Amino acid sequence: MSAPDPLNDLGVRAGTGGGTIRVWSEHATSVDLEVFAAGDLAWATSRTPLVRDDHGVWQGASAALVPGARYGLRIDGPAGFDHAFNPAHTLLDPYARGLAAAPDGSWRGVALDSLEASGFDWSGTTKPNVPLDRTVVYEAHVRGFSKRNTAIPEPLRGTYAGLAHDASLAYLTGLGVTTVELLPVHAFVSEQRLVRQGRLNYWGYNTLAFFAAHAPYASAAAQAEGAHAVRREFAGMVRRLHEAGLEVVLDVVYNHTAEEGREGPTHSFRGIDNASYYRHDAHGRYVDTTGCGNTVDFGRAAPRRLVLDSMRYFAEELQVDGFRLDLAATLGRNDHGGFTPEHPLLEAMLADPVIGAAKLIAEPWDVGPGGWQTGNFPAGFSEWNDHYRDRMRDFWLGDLRRERETGTAGSGIGRFATRLAGSSNTFAAERGPLASLNFVTAHDGFTLADLTAFDSKHNLGNGEQNRDGANDNNSYNHGVEGEAADPVVRAARRRSIRNLLGTLLLSAGVPMLTAGDEFGRSQRGNNNAYCHDSELTWLAWDARSRPRSAPDLLATAKHLLRLRAENAALRPTRYDRHGEDVPNSSQMDWFNADGETMDQDDWNSPAERTLQYLAASTPDSEAVNRILMVVHAHESDAEVVLAEHAGVTGYTLLWDSADEAPTDAATEHAPGDRITMAGPSMRLFRAHASE
């Protein structure tokens, strides 16, 4: 029988008769627990010295540590260039499940009992467990999603309860997405620089506490009631989304903390054990692979355990369905600072029966040496595929610009086709296309509409003289920067949006749609709106606040999502291998505009910008399905001979990106028929086969 893990049960275990606390600090020489008066967080009503065990865990008990108690830590230890002990500071327990702000700007933990013990009832709801091939991720901000929705009672707008409101659920289910990925909801604070400027961190990538839900996203009533009510409202949101069949994935930021650089605020980790929680160089300076001032040291067991315990708490007790790991390359850096897919933290996530059963999505990069690791995470993770994003933007926008300016697009169809079919050149065969989390836009960067309307970022409103945000966006304004009165320019932009949206939702892999892109939301050219909590970043719900084209684009998005769900050939779970029968792959054949099998010249020639992609599913749980996709990426129209293939008897048109809105009118074609493709555009057909 193996010995118990010495890092088990860190944090507080509170009951009506008092509670216990366990805190890890390798280098501390004393740790005291303080419990504060509920009405005066500067007045400690009790102080309990904790006792250190042989593994650096300090533990103790207090009759005052009951549910609802406000508590903090005072810790002393040695001096030295890599230490920051100061017993004058009251520190936040890293495992605190609730928070309370003290008048001096410091924080207190709030002891909570288990969700079940607090009386919360899941009412028999269970996780939807949407298969990965049927997953469509919708990246949204809790506050920004419902803040302007007048169909929701005003006190609930912009809250967990607002996201769980009937109006929100009806919209999400009607759209056809399956999985809501929320920007950070772990308790966070704004960086000191933003506070001095009178700004705030809207996105939330500056975590204060990894076990507490962000209180300002709860309704005012829940905030007034306290930390237990904030957690209850968060859990209620998860329950309501599950009742609607929707999954909840959290964007989690374990790579750094809100303590910033060495001169930043001391909330918790720095004062508990600076030398052990953060990476340092030989001179005691922080090693920063995150660009945020500090980097959590996952070469050590205690920080790894913190992450696993946090993930398990949210996945088990609060029933979330998965995690998107921000700057995940940092989580895979070993004790020498290099990335390895065999990192103990990554392997432990996959091996854990709770975490490993969740959806795990890696942002596979950071800003440190060797930080770009797309394709290198172990099987079991999906990864944000920046290669997909860049290729698809370049194909539909950058190449269009080059063709207009130089007469040639600059690239052929081959690299586009590889991404369309699941990025087999990036992900190992055993991982398959579902390792690719496909996206064209995300919270950081241009919106989909702005990609087609701005050549340059317009970030002056961020207070950094337009220095922040990416300079290389692969965007194209179609000849006019920003608002355009010319109907030709406006129509070209709408067509490009439809081409990008269609490509995203019909590609092999797991698609991610950014909230608002489905109706053409704009941030007026701001590609880094992290510090704007305003109508610039909130979704518009009133038709008068949306673009005139919004209804048509929204109808297109819904139509494409329905087509994806109905056609298994668009959703392979394994890569096809030429000449082999691979279950759950899509057998693929590629043809040029003349209906002939593509040769090497067709793949690589910049002049060849038209292809036909015939895919037949090989499912073990669905009916066999066949589709034909025709992609034409020149601006001029082109005649295409529909591909002839053994067994294929006809084609039914399902969607044409040249149309402003989808139509239900079925158009039938035979193999060998000649059709005229408007440029640039794409069409999807269902292929019929003889029995």
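Helices, as named in these legends, are DSSP runs of H or I with at least four residues, numbered from the N terminus. The structure shown is a predicted model.

**View 1. R279 pairs with D297 in the loop between α7 and α8.** The closest N and O atoms of this salt bridge lie 3.3 Å apart. Both residues are in the loop that runs between α7 (269-277) and α8 (301-317), so the pair ties together parts that are 18 residues apart in sequence. R279 is buried, with a relative accessible area of 7%, and D297 is likewise buried, with a value of 10%.

**View 2. D366 and R333 form a salt bridge between two loops.** In this pair the closest N and O atoms are 2.8 Å apart. D366 sits in the loop between β16 (359-362) and β17 (382-384), while R333 sits in the loop between α9 (328-331) and α10 (344-351), so the contact ties together parts that are 33 residues apart in sequence. Both D366 and R333 are buried. Across the whole structure, a search finds 45 salt bridges.

**View 3. C292 and C531 are not joined by a disulfide.** The sulfur of C292 has its closest cysteine sulfur in C531, at 14 Å, which is too far for a bond, because a disulfide requires the two sulfur atoms to be within 2.5 Å. C531 is accordingly in no disulfide, and the structure as a whole holds 0 disulfides. C292 is partly exposed, with a relative accessible area of 28%, whereas C531, at 7% relative accessibility, counts as buried.

**View 4. Four acidic residues gather in a patch of negative charge on the surface.** The patch is made up of D594, E596, D599 and D601. Of these residues, D601 lies in helix α16, which covers residues 600-604, and D601 is exposed, with a relative accessible area of 59%.

Terms used: Residues are numbered from 1 along each chain as its sequence is written. This is a predicted model: local features need pLDDT of at least 70, side-chain atom pairs count only at pLDDT 80 or more; totals for chains, interfaces and linings use all residues. Side-chain values use heavy atoms; hydrogens and water are left out. Buried means under 20% relative accessible area, exposed over 50%, partly exposed in between (1.4 Å probe, protein chains only). Patches are made of residues with over 30% relative accessible area and no salt bridge: like charges are joined within 9 Å, nonpolar side chains (Val, Leu, Ile, Met, Phe, Trp, Tyr) within 5 Å. Accessible areas come from the Shrake-Rupley method with a 1.4 Å probe; for residues, only the protein chains shown count as cover. A salt bridge is a side-chain nitrogen of Lys or Arg within 4 Å of a carboxyl oxygen of Asp or Glu. Lys and Arg count as positive and Asp and Glu as negative; His and the chain ends are not counted. The place of a charge is taken as NZ of Lys, CZ of Arg, CG of Asp or CD of Glu.
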